[in-house]
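Welcome! Let's work through a few exercises together, taking each one step by step.

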Amino acid sequence: MLKGKTAVVTGGSRGLGAAIAYRLASMGADLAVVCRSGPEAAEQVCAGCREKYGVSAKAYQCDVADFEAVKKLAALIKADFGTVHILVNNAGITRDGLVLTMKEEDFDRVMEVNLKGAFNMIRHMSGMFLRNREGCIINISSVTGLMGNAGQCNYAAAKAGLIGLTKSVAREFASRGIRCNAVAPGFIATDMTKGQEENPLVGSIPLGRMGEASDVADAVAYLATAGYVTGEVLRVDGGIGM
Ligand code: NAI
């Protein structure tokens with residue numbers, strides 16, 4: 001279904017990003033997997049995609065918060081793959097704390113990675129989409145960006161910002177055949193949510209369980225192929241955000 005397409009997945013070395021990379025590879029897409037540090041894990045994901053699905057896959061190390069580094073990354077990926085058709089902005093971090101005591105650097109870093117990182121990627125990859133007159137951008141937001149969450153004002157603000165970014169980019173690019181959507185996961189079992197199983201919020205999930213990375217990958221696979229959907233925010237949260 002995605003044979004001949006190249007997808008870039010940020011934060012693809014583990015968790016949701018790795019599941020998304022595997023899913024897109026299973027649909028035939030070639031893959032550029034971006035991670036912040038320790039390229040071994042991203043390289044492992046790439047090796048798995050190559051072996052299991054016969055696609056091309058390459059790992060890249062880059063801090064998505066760094067505007068100039070992302071510019072260089074885009075040029076490298078273009079040199080290696082020729083072009084890009086799908087961009088999944090999945091890289092994200094948490095630096096939780098109450099608003100009254102949150103350190104300035106924790107607020108800034110979460111905004112830089114989770115929000116500006118997506119902007120940097122879109123800013124430097126979109127030239128390729130425009131030349132192709134096709135492109136698909138999927139931003140991994142969070143249900144926290146829709147509802148807010150005590151102790152996560154930085155994260156919620158960044159993820160809500162990502163929704164504004166998604167809708168603005170969708171409007172700017174729609175006439176050029178480029179779509180931009182967001183996925184808003186709820187509680188998904190990954191490294192990021194380790195130890196959260198006892199969080200009282202988990203007990204209030206209508207479907208009664210935390211999600212799996214594959215639940216989010218399902219949503220990304222849908223948006224990657226849903227040619228008439230743009231500017232949408234797809235909750236994958238067991239109903240907690242309804
Ligand atoms: P994770 O912590 O397991 O993985 C995060 C990935 O992002 C890693 O590959 C890491 O290398 C990469 N990364 C972090 N900072 C980076 C940077 N500056 N530049 C490049 N890559 C960077 O997290 P998880 O759970 O897989 O989350 C993935 C995305 O989904 C994040 O954006 C997160 O906010 C979002 N999300 C996760 C939820 C969950 O319950 N796990 C719920 C809602 C949203």
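**Exercise 1.** Find how much space lies in the largest pocket, and which residues are closest to its centre.

*Solution.* Start with the volume: the largest pocket holds about 1,200 Å³ of space. Next, look at its lining of 49 residues, where G92, I93, T94, Y155 and M192 are the closest to the centre. Here a pocket is, on a 1 Å grid over the protein atoms alone, an open set of points with protein on both sides within 12 Å along at least five of seven lines, while a cavity is a set where a 1.4 Å probe fits but cannot get out; lining residues have an atom within 4 Å of a point. A volume is the space filled by probe spheres set on the points, which are joined across faces, edges and corners.

Before going on, note that this is a predicted model: local features need pLDDT of at least 70 and side-chain atom pairs count only at pLDDT 80 or more, whereas totals for chains, interfaces and linings use all residues. Residues are numbered from 1 along each chain as its sequence is written, and side-chain values use heavy atoms, with hydrogens and water left out.

**Exercise 2.** Work out where the ligand sits and which residues are closest to it.

*Solution.* Then turn to its surroundings, a shell of 29 residues, with R14, N90, Y155, I188 and T190 the closest (a heavy atom within 4 Å counts as near).

Now check the polar contacts (pairs of N or O atoms within 3.5 Å):

- T190 has a side-chain N or O atom 2.4 Å from a ligand oxygen.
- R14 places a polar side-chain atom 2.7 Å from a ligand oxygen.
- N90 uses a backbone N or O atom, 2.7 Å from an oxygen of the ligand.

Finally, of the 840 Å² of accessible area that the ligand has on its own, the protein covers 95% (Shrake-Rupley method, 1.4 Å probe).

**Exercise 3.** Describe the largest cavity by its volume and its lining.

*Solution.* Begin with the volume, about 50 Å³. Then read the lining, which includes T10, V64, N89, N90 and L162. Last, ask which helix gives the largest share: α4 does, with five residues (helices are DSSP runs of H or I, at least four residues, numbered from the N terminus).

Notes:
A polar contact is a pair of N or O atoms within 3.5 Å; within protein, one must be able to donate a hydrogen and the other to accept it, and residues adjacent in sequence count only if both atoms are side-chain atoms. Helices (H or I, at least four residues) and strands (E, at least two) are DSSP runs, numbered from the N terminus.
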